[in-house]
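Hi there,

Here is the structure I promised to send over. My notes on its charged side chains follow below.

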Amino acid sequence: MQALVYTFIALAAAAIGAAAYFGLTFTPAEAILAAVVFGCVCVVLMERALRQRAENRLERAIEDLSRLLATDAQAGAVLGQRINAMTDLNAGARLEGVEADISVLGTVIRQVAEAVAEIEDRVAKPASAGRDRMISPPPPATPPREADPSIPLEMLRQAIADNRLIHHIQPVVTLPQRRPQGYDLVPRLMMEDGDLADRADFMPRRGGEDVIRQIEGAGLVEAITICRRARTGGQPITLYIPLSRATLGDSAASEQLIVSLEANRAIAPGLIFVIGEPDWQSLTTGERAIADAVVKKGAGFSIANVRSLRVDVAELAAQGVRSLRIDAARFIEEPEVFTDFHASDIANYVARFDVKLLGTGIANERQIVELLEDGITLVQGPYIAAAGPVRPDLVTEPARQAPQLRRVEF
């Protein structure tokens, strides 16, 4: 820019010289002198303007720097004061005092809880003595079956080939209203005599992965049909579908799973796959990739038979886990087995990561009350509602032919 200005000055000086020579009849020496004098005056004026501008810019920069230094000095003074205050706190002694107070408080709370329990036992014994004469005690909860299934694998294959595999649903409700939040999809086998066999009676535990894949694939098809028809009827629902490593570890079955979810993205958020904790913890890298793909399609996971809540809940939430299923009776009787938190705090802690605790196997009203006091509002079990057939208008044709034992409406 300066070069352009100087060029204009030189052109103006040449013009002045030419005008003086031709218009004012100056001699060549006088015309050249006039041009040089005009050019020098213009250059001096230009340099003065540039110098003043540079001086003003420099003054403003110095003022800004002085303000910054003043701010830094104030911040340093404040920081020094805070450091001195922290040095004078003597936090070590105070922390020891707080720890001692907490220890004493814990002892007092434990003693109060033991005293209250003793008082409740003393009050309950006379009252229960009179009631026991009239009311029979509730049946004990059936322990989970770990033995081999009673139906052989070959008989199971034949039953599936004869299209005798049906699916019922069991509600998962929210407390205290006991309003259905979702439904467990429960596979059952229709026997030749018309009886129904539960999952524990026929699901293979050693081998038979192809049969397991076939059952889980049929369950996925049934769940998609129910969700689509319920959504069309204006009543979208959430279904919990059984899943295992037998499906996630097979390339063809896992690919079919992803394709089905891709084709049904509208209902995918209502599909939650229930997978056992041992299967979830032992997923390989490839199986974990399939699980991540399932989550990307909009579906989620619910981990069943959780034995401990000492897990990274944030990581589970990032992997698409929406709920953790715990045995209600065991959690009530032995909460310390599951977590180091207080029983009434663990549900709120897990809920921070949008993961819910789901109490399973509810067998009586007392369990519902205790779980509600601990903040667990999602429950499922035979006391809430047993598994039953779906409405006929929501199932596929083979399932409509199953015996309608008890209708579960939603």
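First, a definition: a salt bridge is a side-chain nitrogen of Lys or Arg within 4 Å of a carboxyl oxygen of Asp or Glu. This is a predicted model, where local features need pLDDT of at least 70, side-chain atom pairs count only at pLDDT 80 or more, and totals for chains, interfaces and linings use all residues. Residues are numbered from 1 along each chain as its sequence is written, and side-chain values use heavy atoms, with hydrogens and water left out.

The structure holds 14 salt bridges. One of them joins glutamate 370 to arginine 366, at 2.7 Å from N to O. Both residues sit in helix α15 (residues 365-373), four residues apart, or about one turn of the helix. (Helices are DSSP runs of H or I with at least four residues, strands are runs of E with at least two, and both are numbered from the N terminus.) Glutamate 370 is partly exposed at 25% relative accessibility, and arginine 366 is also partly exposed, at 46%. Here buried means under 20% relative accessible area, exposed over 50%, and partly exposed in between, using a 1.4 Å probe and protein chains only.

Another salt bridge pairs aspartate 198 with arginine 188, at 3.1 Å from N to O. This one links distant parts of the chain: aspartate 198 is in the loop between β3 (196-197) and α5 (199-202), while arginine 188 is in strand β2 (residues 179-190), ten residues apart. Arginine 188 is buried at 13%, whereas aspartate 198 is partly exposed at 37%.

Finally, Glu154, Arg157 and Asp210 are linked in a network of salt bridges.

Best wishes
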